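User: I would like to learn how to read salt bridges and helix geometry in a model. Please take me through one.

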Amino acid sequence: MLLALFICVVLIHFIKNDPLLIEQYYSQGLYPKLFDLSSSFFGLIDVSVGDFLILLVLLSVPLIVSKAIALLKNHRFLSLMIHLFTFFFSVYLLFHVTWGLNYHRIPLNQKLEYDLNYTTEDLATTTIAIITQINALHSSLTIHDTLPVIIQYSHDEINDLLESSDSFHLNNMLSETFFNRLYIKHSFWSLALSYMGFAGYLNPMTLESQVNKRIPALSYMTTATHEMIHQMGIAPENEANFLSYRVTTQHPDPYIQYAGYLMGLRYTIGEYFNHKPQLARKLYREVHLGIKKNISEISQFWKKYQNPFEKYFEKAYDQYLKAQGQREGIETYSQMVAYLVDYHHSPPNH
């Protein structure tokens, strides 16, 4: 069995180097069927099955450690190695078959014919466009530009608005359309996720999109959309962030639109600060005070959960992303700015 697993691992390693093969036969072939099978079962269960499985794994750790110690005491080192390699090879294969190969499909920018190169002037133009749009939207949602937007929706209402939305049908941006039912679940690890600095995640085994239910509603909207994009087989974080922006800003609900533009503004103005801090400050003065209060609300939430261990969780996740071919690691999230620039400079409906 170990030999068979090893051969499969080697095969997966070579397949990962052929994006066209993965795109055609896995991401647009096998994966949608796997997700359909998964959602037909897990999607009907309100609780997070993936989170429950994580709990079982954590509870099993002491038993696994004790068995490993027993094997070492009985001088059965070879047997221990066989068990360990069998376990790691099995997890590796399961991860890549159920989800992980999506990291190695044809990049989104190639499908959209985006070159992802931009000047600071391009970035400024994009930032101005987003400021114009979010200021106008903010004015329609509040009675004064000094007031923050207040979301009255419950999490379940937000979920319903997103799960029933046609804006996920990205056939005008992608060569394929993903028609499978997307869905959201609240992680019962939300408190732990808050301290770890995570807003949500996709469980790669059960394909459930998990959202930290403690985060502010505006972040909840874009995070839920981001994780649902992952369910569609879009793996890289910059691509998922960009498509989350696109889906939310095209959503018929104005509050969800606002959440999308707010996310876009935070990334573009932040990147502009990195290039032209003085000009960025001048530009940021054009943003309504109420919008800045919404941004501050999100920042204050994460500050509340800051702790000395958060950086280690971020570093571990950074290494995970790099292992999946995202060379910039956790910085990949902010690289969605390049997509935003191309998107805002592209012809309408592109």
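Predicted model: local features only at pLDDT ≥ 70, side-chain atom pairs only at ≥ 80, totals over all residues.

Analyst: Numbering runs from 1 along each chain as its sequence is written, and side-chain values use heavy atoms, without hydrogens and water.

User: How many salt bridges are there?

Analyst: Side chains of opposite charge can pair when their charged atoms come close. Here a salt bridge needs a side-chain nitrogen of Lys or Arg within 4 Å of a carboxyl oxygen of Asp or Glu. The count is 3.

User: Which residues form a network of salt bridges?

Analyst: Glu23, Arg105 and Lys111. Glu23 meets Arg105 at 2.8 Å, N to O. Lys111 also pairs with Glu23, with closest N and O atoms 2.8 Å apart. Lys111 sits in helix H5 and Glu23 in helix H2, 88 residues apart. Helices are DSSP runs (H or I, at least four residues), strands likewise (E, at least two), numbered from the N terminus.

User: Is Glu23 buried or exposed?

Analyst: Buried means under 20% relative accessible area, exposed over 50%, partly exposed in between (1.4 Å probe, protein chains only). Glu23 is at 4%, so Glu23 counts as buried. Lys111, at 22%, is partly exposed.

User: What should the span of helix H11 be?

Analyst: Expected span is 1.5 Å times one less than the number of residues. Helix H11 (residues 254–275) has 22 residues and should span 32 Å. Its end C-alpha atoms are 31 Å apart, which agrees.
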